[in-house]
Amino acid sequence: YVELDGPVIEGATGTVHAAGGPISTLKVLAIEPERRFVTEASERFVRLRFEHELADLADGQLLITQRVRMTGPATPLLRHTVGGRLERSIPAALDSLVALVTTPADA
């Protein structure tokens with residue numbers, strides 16, 4: 001789950017708690033409405049940067065790109081211990097993103 005301390009704007013902070021993981025500090029780094037948003041979750045020895053991009057394709061479809069970048073001294077250990085779980089969670093997160101962007105605002 002994600003809990004922000006205020007509105008969803010660039011610079012907003014809060015916490016994120018992934019299933020089976022610790023509660024981490026979260027910061028919204030960038031927002032381009034209907035195009036892109038970037039967040040970063042921080043722990044003492046690692047940072048996880050999540051980038052989400054939406055692009056319209058010529059055939060009317062929507063291309064969704066999600067990137068996760070792990071940096072910091074604990075990266076090798078965490079890549080080994082939680083990297084697989086993170087990889088497996090991306091499809092579910094992407095499905096949630098699709099549901100979010102395809103649901104009318106008044107629903």
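Start by selecting glutamate 40 and arginine 47: their side chains are joined by a polar contact of 3.1 Å. (A polar contact is a pair of N or O atoms within 3.5 Å, where within protein one must be able to donate a hydrogen and the other to accept it, and residues adjacent in sequence count only if both atoms are side-chain atoms.) This is a predicted model, so local features need pLDDT of at least 70 and side-chain atom pairs count only at pLDDT 80 or more, while totals for chains, interfaces and linings use all residues. Residues are numbered from 1 along each chain as its sequence is written, and side-chain values use heavy atoms, with hydrogens and water left out.

Stay on glutamate 40 and colour by strand: this residue sits in strand 4, residues 36–42 (strands are DSSP runs of E, at least two residues, and helices are H or I, at least four, numbered from the N terminus). Is glutamate 40 buried or exposed? Buried, at 16% relative accessible area; the cut-offs are under 20% for buried and over 50% for exposed, partly exposed in between, with a 1.4 Å probe and protein chains only. Beyond four places in sequence, its contacts (heavy atoms within 4.5 Å) include Thr25, Leu26, Leu48 and Arg49.

Next, select Val16, Leu26, Ala41, Val46, Leu48, Phe50, Met70, Ala74 and Leu86, the largest nonpolar core. Such a core is a set of buried Ala, Val, Leu, Ile, Met, Phe, Trp, Tyr and Cys residues joined through side-chain atoms within 4.5 Å. Zoom in on methionine 70, which touches Val46, Leu48 and Leu86, among others.
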